[in-house]
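Please open the structure and keep the sequence beside it while reading. The text below walks through a few parts of the fold in turn.

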Amino acid sequence: MRHAAFGSLLLLSTALTAPAAMAAAQGSPPAQSPPIATPPVQPELQAPDAPVAGPDTEEDVEISGPGAAAAGGEIVVTGRNIPNAIRRTPEVISVLSAADIARTGEGDIAGALQRVTGLSVVGGRFVYVRGLGERYSLALLNGSPLPSPEPLRRVVPLDLFPTSVIASSVVQKSYSVAYPGEFGGGVINLTTRAIPRESFINLGFSVGGDTETTGQLGYTYFGSPTDFTGFDSGERSVPRPLRAALDSGNLIVPGQNFSVRDIQDITASLSNARTTLIQRNNNIPANFGVNLSAGTNFDLGGATLGLVGAAGWSNSWSTRGGLQQVAAGLTPINGIDTLQPDIDYRFLSTRNRIVVNGLFGVGLEFGPHRLRWTNLYIRDSLKEARIQDGVNEINVGSDRVNISNTAWFERQLVSTQGVGELRFGDLSVDLRGAWAQSQRNSPYERQISYRWSDIAKDFVNDLRSNGQFARIAFSELDDTVVSGAADLSYRLPQLSNLVLSAGYAYLDNVRNSTRRDFRYNPLTALPFAVAQQRPDFLLSDYNVYTYGILLTDVSGSAGVAAYEADLRVHAGYFQAEAEPVSGVRVVAGVRYEDGRQSVTPLDLFGLGGPEILPSRINESYWLPAATVTWNFAPDQQLRLHGSKTIARPQFREQAPQQYLDTETSRTFFGNQFLSDSELTNAEARYEWYFDRDQRFSLAGFWKKIDRPIEAVAFQQGGTFFTTFANAPTATLYGAELELQKYFALDHLSQAPFFAARRAVVIGNYTYSDSKIRVRDGDTTVPVGSGGVPVPAFNLFIDGTPLTGQSRHLVNLQLGLENTDRLSQQTILFTYASRRVTNRGPSGQPDLFEEPGIQLDFVMREGVRLFGVEGELKFEARNLTGENYEEFQTLNDSRIDTNSYRLGRSFSLGLSINF
């Protein structure tokens, strides 16, 4: 549920500086005003009953980011019609205010960001900036880094953040040295609420569903009686016998450390039917959500104390049905190579997602100074039941197999942060310190496979033959980030408004990950009648003791069961900003960054092997950046930018630990021999602000990436793996076009409907192209090479695009809105062309996904119920019925590696302001 309470329309897809990202947009000085410094603006949240911004008003947008703003304000150029926020920085950014987010109707910040120029969202969770994968994006909260609860990534998935706790989102696409050096496509800085302008209480409810899920057939399992809250009741807790065995540090197999009876007791102690048995549900429930937010301020006599709190709970369902196919190799037909499915599964999956969030913030303003303490809690639980049915010619043969999967994933993020923004005349001091911890816990991740028997005319599972097994896994991940930063800025107005800035930043990111995998193995062949039993009967205590079914530890059989990782960064920067000639602003600086990254596999059982070798990257970089802004007309300006940045391997990309992604049924495996990527960036941008809140911009960008990290697929024993490798080099270039225009409608008719109503058009288009460059003599170090370089041609094809890069991105918003009160009707159109998800395995073509066209409609209407102001919102999503498609094609043949139906979704929400 989003709230009209916190703002009105402002979408500044413009260029703002990093240090400046700490203040709010205000009006511009008159054209004849000389270059002067204005006092700092204190960003505030709009009151809950604030009207939609009209043509002659601008919204205060609350932004808190790295760097210290120029003391006493900002360098002011002569442009009359360029918003104040744009003058504050030469860097290319896009700002989503709370009102912009509300206009999109999205429930999480990832969905809202896909409307920004040059951004696309993959899997509904990870933001790709200008066609570069999520690994090239950096997410910050109030200017501080965040840990990730994802086993496969270090970047935090942005679907974790409900829009109800976010005051604004800044996407900066050109680098400034106040930001961390890991800046590939861009940085996304989320700002939470601080000091409200006036007291408010907002309560919201929503209900919705989609045509593929709500009231339709789906699969569920019981789990625990408290799953609907997002918290397990204890049903999935690791039982005491298994916990003691795990803590012993020994491999759980019959032998010196564990007797057969010991392991039988361990096996029998596991939760069985409640976490095993999948059942049909012919009427999947609707989605529900509730949000509560409140804020107030207190006048302390010369100071203002603000308190903000928010809490929310949502329970949503999603059923996906489709195809998962794998080709073992190329199949010649009439002399032409084709792709034919050797693994061909139909699947149906139902996911129940429960999100609980809470925010508590304290802000204090005294004079020009501001202190902020923010505490954030997000818990995202996912309960999934999935059934796959089909053939696996590689491992099983032509007999059908039926595989059931049950899982419970808990993702949790806790963050506390203190920020001090202090202004002493011409001197500014910004101090930031933060502690954040994310956790991911996946207990009782089950997979059980039955194989068709012509004898029984039924599916059977003897727990030992091909296509007949039962597996269970327990995994835990803890990721902690401690960070701090100090930034100084000093303005010398007598020297061409020279502003000198410097700062220091520290980051320590520590991750611990453990995954324990087990397989149920009988000591002797099971009777045929037992093999025909349903899963919970098959794994019952009776069978465990009667037929000697043992939980056998297979952890680390491929890779390692656990690893520790650490990234420690010390950084410092210096930057100068000046206006040597009226209308021309120059910002130049350099950042020094020293990074020490390690991934240490843990040999839990003393098995040894090449995977145990630790991975260490110790590198130091000088990262320069410069931007020139020429304000050649009162309402127009041109920007030129150049910089160097880096991208480090993510922990999971280096860890030699297997991880099964249940969404794609793909197994991931890290590469210990990855190295940092280095980027050279250039950009030119023209901006025309022809009226208040209205603009046109055109930009071109170019990037060269040395040693980009790419996802590479391979097959082994019928298992589809994804790993990672450094390609030699790659280039990315493209252009962005954006237009925002309002049209008054009062001249169309004398009817009251048109009196205060206007039409809005917000559109952007991004074209980008990328190419991997492979030359004779280029090498890479893949998984399984033992660290020995091999020709890069073995993995990469010259001229292929980078993974995740769409050539065309289109976003269009067409709407009507009332400038006197809340009344908005918006059509949202989004298009992303096909993009590579993985390099193809064993000489096969690459894997592509085709996001296609998505058409949404969002209506927001202010209402008054029983004397109380509120907002009614209606959303209709994916009206074109676009499906998700990931596939491979070759010579008119196609296999669907992971394709499913999405359906159309509808929701209705009501929020009330007290």
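What follows covers strands, a sheet, a helix, a cavity and some single residues.

This is a predicted model, in which local features need pLDDT of at least 70, side-chain atom pairs count only at pLDDT 80 or more, and totals for chains, interfaces and linings use all residues. Residues are numbered from 1 along each chain as its sequence is written, and side-chain values use heavy atoms, with hydrogens and water left out.

Begin with strand β39, residues 823-832. Helices (H or I, at least four residues) and strands (E, at least two) are DSSP runs, numbered from the N terminus. Of the 10 residues in β39, 7 are buried, so the strand is mostly covered. Here buried means under 20% relative accessible area, exposed means over 50%, and partly exposed lies in between, with a 1.4 Å probe and protein chains only. In a regular strand the side chains alternate between the two faces of the sheet.

Which strands pair with β39? One is β38 (residues 808-818), which is antiparallel to β39 and joined to it by 9 bridges. Two strands count as paired if DSSP finds at least two bridges between them. β38 and β39 make a hairpin, with 4 residues between them. Another partner is β42 (residues 852-865), also antiparallel, with 10 bridges to β39.

Next comes an open sheet. Its 4 strands follow the order β40-β41-β44-β45, and their pairing is antiparallel. β40 (835-838) and β45 (893-896) each have a single partner strand and stand at the edges, so one side of each has no neighbour in the sheet. From one strand to the next the twist averages 40°. The angles run from 0 to 180 degrees between N-to-C directions, and the axes are lines fitted to C-alpha atoms, for helices over the stretch in contact. Between β40 and β41 (residues 847-849) there are 3 bridges, and these two strands run antiparallel. In β41, E849 is the bridge partner of R835.

The loop between β44 (886-890) and β45 holds N891. Phi of N891 is near 50°, a positive value in a residue other than glycine. N891 is partly exposed, at a relative accessible area of 46%. K457, in the loop between β19 and β20 (458-460), has a positive phi of about 55° and is not a glycine either. With 58% relative accessibility, K457 counts as exposed.

Strand β19 itself contains S438. Is S438 buried or exposed? S438 is buried, with a relative accessible area of 0%. The C-alpha atoms of S438 and Q412 are separated by 5.4 Å, although the two residues are 26 residues apart along the chain.

Turn now to helix α5, residues 260-268. Its buried residues are I263, Q264, I266, T267 and A268. They pack against α4 (240-247), β22, α9 (541-547) and β23 (549-553). Contact means heavy atoms within 4.5 Å. The loop between β10 (218-220) and α4 contains P225, which is partly exposed at 47% relative accessible area. P225 touches S233 and R274, leaving aside residues up to four places away in sequence. P225 and R274 are 49 residues apart along the chain, and their C-alpha atoms are separated by 9.8 Å.

On a 1 Å grid over the protein atoms alone, a cavity is a set of points where a 1.4 Å probe fits but cannot get out, and lining residues have an atom within 4 Å of a point. Grid points are joined across faces, edges and corners, and a volume is the space filled by probe spheres set on the points. The count comes to 14 cavities of 30 Å³ or more.

The second largest cavity has a volume of about 640 Å³. Its lining has 46 residues, and L138, L140, P145, P180 and L507 lie nearest its centre. Elements giving two or more residues to this lining include β5 (137-141), β6 (144-145), β19 (427-453) and β22 (498-522). β22 supplies the largest share, 6 residues. How do the lining residues divide by type? There are 25 nonpolar, 13 polar and 8 charged residues. Ala, Val, Leu, Ile, Met, Phe, Trp, Tyr, Cys and Pro count as nonpolar, Asp, Glu, Lys and Arg as charged, and the others, Gly among them, as polar.

Methods. On a 1 Å grid over the protein atoms alone, a cavity is a set of points where a 1.4 Å probe fits but cannot get out, and a pocket is an open set with protein on both sides within 12 Å along at least five of seven lines; lining residues have an atom within 4 Å of a point.
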